[in-house]
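Please look through the model below before reading on. My points follow in numbered order.

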Amino acid sequence: MTTASPHAHGVHFGRTDVQNAGMGVGIVLMVVGVLGFIPGITARYGELMFLGPNSHAMFLGLFQVSMLLNIVQLVIGATGWAMSRSEMGARRFLLGAGALYVVLSIYGLSVGVDSAANFLSLNMLDNWTHMVLGVLMIACGWMFSRHPVEDRK
């Protein structure tokens, strides 16, 4: 008779891998959303606008941000953190929000940086980062939840 630890079956700290991934992404997005409002971490903070391409504030000096984009990051992060209380919720968050980030990236790439349609104030680095983030979230949601809880018992 063998006894395997819960860790060997993808359960850590009472949560599954998909829950840990969803919670981790949610926390990171909330932190990014909050840090986007802090002068010093966000360069050119005086140029932070609510929305539109005229917001020239730069998170970490790299990513163009607006108040609306920071709020969106906070909301998506909080949603992920809350949904990750269950395995299915975490999976749905990672797949759904991942798809949202891919769509947001495609939108940002298609409208252009200086367009009035760039209402979230996205630059090219934002767009490509959202694409990578979205693809990674979808991959995590799929890979970490391929085996339901019943299969691990």
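Where does S121 lie?

1. S121 sits in the loop between α3 (87-111) and α4 (124-143). Helices here are DSSP runs of H or I with at least four residues, strands are runs of E with at least two, and both are numbered from the N terminus. This is a predicted model, where local features need pLDDT of at least 70, side-chain atom pairs count only at pLDDT 80 or more, and totals for chains, interfaces and linings use all residues. Residues are numbered from 1 along each chain as its sequence is written, and side-chain values use heavy atoms, without hydrogens and water.

2. Look at the backbone of S121. Its phi is positive, about 60 degrees, although S121 is not a glycine. S121 counts as buried because its relative accessibility is 0%. Buried means under 20% relative accessible area, exposed over 50%, and partly exposed in between (1.4 Å probe, protein chains only).

3. Now take L60. L60 is in the loop between β4 (57-59) and β5 (63-65). Phi of L60 is positive too, near 60 degrees, and L60 is not a glycine. L60 counts as exposed because its relative accessibility is 53%.

4. Next, the core. The largest nonpolar core has 21 residues. Such a core is a set of buried Ala, Val, Leu, Ile, Met, Phe, Trp, Tyr and Cys residues joined through side-chain atoms within 4.5 Å. F93, L94 and M137 have the most contacts inside this core. At least two residues each come from α1 (17-35), β4, β5, α2 (67-83) and α3. The largest share, six residues, is from α3.

5. Which residues does F93 touch, leaving out those up to four places away in sequence? Among them are G22, V25, I76, M83 and M137. Contact means heavy atoms within 4.5 Å.
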